[in-house]
Amino acid sequence: MTKSIFVTQPVLPHLADFIPYLEQIWDNKILTNCGPLHQQLEHELCEYLGVKYISLFNNGTIALITALQALGLEKGEVITTPYTFIATAHSIIWNNLTPVFVDIDILTSNIDPKKVEQAITDKTVAILPVHCYGLPCDVELLKDLADKHNIKLIYDAAHAFGVKHNRKSLLNYGDLSVISFHATKVFNTFEGGAIVSHSLEMKTKVDQLRNFGIVDEVTVSDVSLNGKLSEIHSALGLLQLKDIEQTLNARKVIDELYRELLRDVDGITCIKRTASDIDNYAYFPIVVEDSFPLSRDELFEKFKEHNIYARKYFYPIMTDFDIYKKYADHTPNAKWLSEHVLCLPMYPTLELEICQNITKIIKGL
Ligand code: T4K
């Protein structure tokens with residue numbers, strides 16, 4: 001491959017279509033603090049995603065931190081997955097809570113509800129699962145557990161934009177769900193994120209926390225962050241939303257092609273994406289089994305020789321980072337998957353010929 005191919009590439013609208021939004025911002029001089037474009041994007045996202053309330057944020061990480069704060073979790077343990085991006089774990093520590101890492105189901109890459117149940121103690125205040133790669137967690141079982149033990153359930157849905165489960169948005173599950181609109185995500189606003197909530201009372205709380213805890217000019221309710229999304233970011237979101245169906249369809253075509261081309265390759269398993277009614281094809285993770293002639297790391301290096309930059313999402317697991325080692329527990333599935341997984345390039349403008357070449361490299365052709 002002569003040009004470099006990365007694991008992803010952001011979707012961008014035509015630059016000319018962005019200019020009118022810039023002109024509007026320049027005209028009215030509202031740059032941030034929940035201006036008209038921000039409000040319009042919250043409204044359009046609620047409609048598109050089929051959720052009641054959305055609060056836009058400047059990124060998914062600040063949204064996660066704020067979500068935990070909004071639920072009033074001041075002390076205790078939060079059960080989460082070690083197989084995720086570092087932001088999930090960081091959000092727990094930032095809230096002075098203690099992460100408890102429990103193992104995943106190796107087939108889905110998501111937290112195993114049976115292991116969650118075993119880990120619940122009288123110190124547990126919440127569960128923070130991740131819909132890894134946009135694949136739905138076992139939302140029914142997790143809800144039963146949260147209800148039974150009277151603990152909060154917050155989904156890190158950073159990867160789950162647009163996913164539907166049981167004919168409704170996956171974001172409707174849990175007390176709160178957090179999405180990321182980072183450049184590398186299915187839907188991007190350059191940087192950005194959001195919290196989905198289910199009552200006006202909760203949205204009002206989240207909105208206040210997003211804005212330093214300010215209630216009104218003379219009242220500040222909490223010590224919180226500045227998580228606001230600017231007007232220029234919101235403008236990009238409005239444009240991206242116009243093309244979202246094409247974006248998702250293009251991803252689907254690539255997903256299907258990879259699956260078809262890798263169907264009979266011994267030692268390569270494509271992680272199944274069957275648990276949702278509507279998928280978003282956010283990533284294309286393959287598992288390089290021990291029976292494959294190359295190890296995962298050898299295949300990763302081989303790709304690099306061809307200018308293909310696949311990614312080991314998610315390696316290492318959280319508890320293998322020095323700063324999280326003290327929270328390590330027995331999570332062999334997460335460890336095994338992190339050592340065998342490789343995310344292949346997946347983005348709407350990826351040429352099908354390049355997908356074919358990528359699979360030829362895997363097949364040693
Ligand atoms: N929870 C979960 C489960 C998450 O996965 C994430 C973020 C979060 C929470 C937190 O959400 P945010 O606070 O980020 O909104 C990337 C992203 O930075 C991160 O958003 C994402 N997860 C994570 C899985 O991946 P890196 O360090 O792998 O990104 P980077 O810069 O190496 O980008 C990957 C490739 O994408 C590059 O090789 C080239 C391409 N790229 C990247 C950027 C940023 C572009 O073509 N253009 C770009 O602007 O973390």
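1. The structure holds 19 salt bridges, a salt bridge being a side-chain nitrogen of Lys or Arg within 4 Å of a carboxyl oxygen of Asp or Glu. Side chains of opposite charge can pair when their charged atoms come close. One example is formed by the side chains of Asp-207 and Arg-210, with 3.4 Å from N to O. Asp-207 and Arg-210 are separated by about one helical turn, because they stand three residues apart in helix H7 (residues 200–210). Helices (H or I, at least four residues) and strands (E, at least two) are DSSP runs, numbered from the N terminus.

2. On the origin of the values: the model is predicted, so that local features need pLDDT of at least 70 and side-chain atom pairs count only at pLDDT 80 or more, while totals for chains, interfaces and linings use all residues. Residues are numbered from 1 along each chain as its sequence is written, and side-chain values use heavy atoms, with hydrogens and water left out.

3. The chain is divided into domain 1 (15–242) and domain 2 (244–363), with bounds that come from an automatic or database domain assignment. The centres of the two domains, taken over C-alpha atoms, are 25 Å apart. In the interface, 40 residues of domain 1 are in contact with 36 residues of domain 2, where contact means heavy atoms within 4.5 Å.

4. The size of an interface is often given as the accessible area lost when the parts come together. Domain 1 and domain 2 bury about 3200 Å² between them, 64% of it on carbon and sulfur atoms; buried area is the accessible area (1.4 Å probe) that two parts lose on being put together, summed over both. Across this interface the rule finds zero salt bridges, but it does find 17 residue pairs in polar contact, both residues at pLDDT 80 or more. A polar contact is a pair of N or O atoms within 3.5 Å; within protein, one must be able to donate a hydrogen and the other to accept it, and residues adjacent in sequence count only if both atoms are side-chain atoms.

5. On the side of domain 1 that touches domain 2, the elements giving two or more residues are helix H4 (86–94), strand E4 (98–101), strand E7 (164–165) and helix H8 (231–242). H4 gives the most, with four residues.

6. Of the 27 residues around the ligand, Thr-61, Asp-156, His-159, Ser-180 and Tyr-313 come nearest; a residue is near a molecule if one of its heavy atoms lies within 4 Å of it. A polar side-chain atom of Thr-61 is 2.5 Å from an oxygen atom of the ligand. For Asp-156, a side-chain N or O atom lies 2.7 Å from a nitrogen atom of the ligand.

7. Most residues other than glycine have a negative phi, and most peptide bonds are trans.
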